[in-house]
Amino acid sequence: MSGLTLAELIKALDEHMQSPDDGYDNSAQVKSLMERLEYNPQEWAKYAYVSSEHYTRNLVHSKDFTFDLILLCWLPGQKTAIHDHRSSGCWMRVIQGELKESRYEIESENAAAGNDGLGLLDGTLHLKSQQSYTEKQVFYINNSIGVHSVANTGSIPAYSLHLYSPPITECQVWSNEFSSSLFKVSMHSIYGMKLPQHFFKPATGRMGGKYWPLAAAPNPSSPRKLVQADENDEAKNN
């Protein structure tokens, strides 16, 4: 099959996914579409915001209550906290670099209670598997599969495209194997526009509320963009 530009991928997903059920029922087709995406730096430059404080989440496309397409940008050493996905399914495609996923299972008689996305998952985390993903690889996760963390363990910036269906607005985050809380999901930018630091995107699409960076990251001294940007533009965006 031929490769897809970002615009072609968005069009194909819009046509294919009329409701969140379309993603669940045809997960292999969604995975195939994301695998066909061709990397073109010029297409991604407007979304590729990075931060020395934590990885960033940049909204590329949203289809009502069906799915969100989000570009995550990771400097070396940046990682997520261990988190779930509530009632959403998540497909992740590595665009550049290498990302390591650590997947956990929850040991508890009540662990299944939160798999419908309505309650908190309750139990003790145990590391189930670890796997590294490189460019063009796609994987899928939801709460019935497990919870996970993702990290850029490489020496160069990494970029990954995530499809959440239905759109994810909050998730359960673990500070250790025993303790967790529910957090709002933040966006660093929307459709290429960088946001003030204290915003998140709720399911309604309205902006407001408090920003919750779901990350644990070092402070690299020289963050880089996906493609070389004009220094004046960079100064305006920060």
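Mentor: Here's a walk through the salt bridges, pair by pair. A bit of housekeeping: this is a predicted model, so local features need pLDDT of at least 70 and side-chain atom pairs count only at pLDDT 80 or more, while totals for chains, interfaces and linings use all residues. Residues are numbered from 1 along each chain as its sequence is written, and side-chain values use heavy atoms, with hydrogens and water left out.

Searching the whole structure turns up four salt bridges, meaning a side-chain nitrogen of Lys or Arg within 4 Å of a carboxyl oxygen of Asp or Glu. One of them joins E35 to K31, with 2.6 Å between the closest N and O atoms. Both sit in helix 3 (residues 27–35), four residues apart, or about one turn of the helix; helices (H or I, at least four residues) and strands (E, at least two) are DSSP runs, numbered from the N terminus. E35 is partly exposed at 34% relative accessibility, and K31 is partly exposed too, at 31%. For the cut-offs, buried is under 20% relative accessible area, exposed is over 50%, and partly exposed is in between (1.4 Å probe, protein chains only).

Next, R103 pairs with E101, their closest N and O atoms 2.9 Å apart. Here R103 is buried at 13%, and E101 is buried at 3%.

Then there's K184 with E170, where the closest N and O atoms are 3.9 Å apart. This pair ties together distant parts of the chain, 14 residues apart: K184 belongs to strand 11 (residues 180–184) and E170 to strand 10 (residues 170–174). K184 comes out partly exposed at 32%, as does E170 at 24%.
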